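This report describes a set of neighbouring strands and how they pair. Please consult the sequence and the structure shown below.

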Amino acid sequence: MASSNDLVTVPRGGLPIAHMRSVYLVGDVERRLDKLPPKEHEGLRSTYERMLEKGPERFQVKPSGLPVMDHLYDDLPNFTEVLDDVRRQLALCEDSRDALEITPLLLLGPPGVGKTHFARALSQLLGTGMGFISMSSLTAGWVLSGASSQWKGARPGKVFETLVDGQYANPVMVVDEIDKAGGEHAYDPLGALYGLLEHDTAHSFVDEFAEVPIDASQLIWVATANDERGIPEPILNRMNVYEVRAPDPEAARRIAAKLYAGLRAEHDWGARFEPEPRAEVLERLAEMAPREMRRAWMTGFGNAKLARRDHILPCDLPEPGSRRGAIGFVQ
């Protein structure tokens, strides 16, 4: 896939420099468009016209220096090993001509430990944008690779959409709950992933809808799963696999305290509450999964406000693990 060496400045904090890279060839698109019968395949025609209008050039972000990651170590203390891996790979390319390259990551762990939050934080750190695929809500096996335009309601897959409609050649692509992509579909949902995770074959990825080669070699893959037993061995062999455990009590208290400070700073009503949460409240929050903490704080803020207090008490918080209240008549 062709690429240029022009440099542009992208205002992205510690990663301000990007190359421009062509993610497809205009000639390929024009040839496919010319072959379409008149007044047929309007969806496909619209896709090709959009590709020609947007052009093939996308930002390929490259670190100008090693980005500051201290805040991620503080916010995600149970991801220290993963962050160390990312930091090493960023260091390798910071003062070289090599492109940013991060080995695909698989994050294993129970629900609520922050796996998806980590992926979003990584995309923000790199400034490359993010594509998101939830394997637990698949309605078809072609979500990654698109469906043939011959099928009614066909459309491109997520990889194509992220590269063609986005601004970046190397976005973070999150495959959430990859272990839920079982064999219940007519097509293997992970079939396209075998080639996409290989740098050489990903250079010419062909979406089944558009049938135009796309350079997907620069995608940064992050997959999440609860259990690796549902993941094919060839996928596991292509990824760095990390087991992410729930944070220990001390780390959980730090996460809860940072969430409190963030929520208080984000809202005008936050100034009405004490600058620091009370120790007994942090102890209760530390019993919850990180994903539950934000909701628990919001409940606590609301209950404290109703009680006309400037501080949250343990009684203001929901019980750990509680998700919904009763609705309707109770006998």
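Which residue is the bridge partner of Leu105 in E9? The bridge partner is Val222.

## Basis of the description

The model is predicted, so local features need pLDDT of at least 70 and side-chain atom pairs count only at pLDDT 80 or more, while totals for chains, interfaces and linings use all residues. Residues are numbered from 1 along each chain as its sequence is written, and side-chain values use heavy atoms, with hydrogens and water left out.

Strands (E, at least two residues) are DSSP runs numbered from the N terminus. Two strands pair if DSSP finds at least two bridges between them. Buried means under 20% relative accessible area, with a 1.4 Å probe and protein chains only.

## Strand E9 and its partners

Strand E9 spans residues 220-225. E4 (residues 105-108) pairs with E9 in the parallel sense over 4 bridges. E6 (residues 172-176) also runs parallel to E9, joined by 4 bridges, and here Val175 stands opposite Ala223.

In a regular strand the side chains alternate between the two faces of the sheet. From E9, Ile220, Val222 and Thr224 point one way, and Trp221, Ala223 and Ala225 point the other way. Of the 6 residues of E9, 6 are buried.

E5 (residues 130-134) runs parallel to E6 and is joined to E6 by 5 bridges. In this pairing, Ile133 stands opposite Val175.

Key:
Buried means under 20% relative accessible area, exposed over 50%, partly exposed in between (1.4 Å probe, protein chains only).
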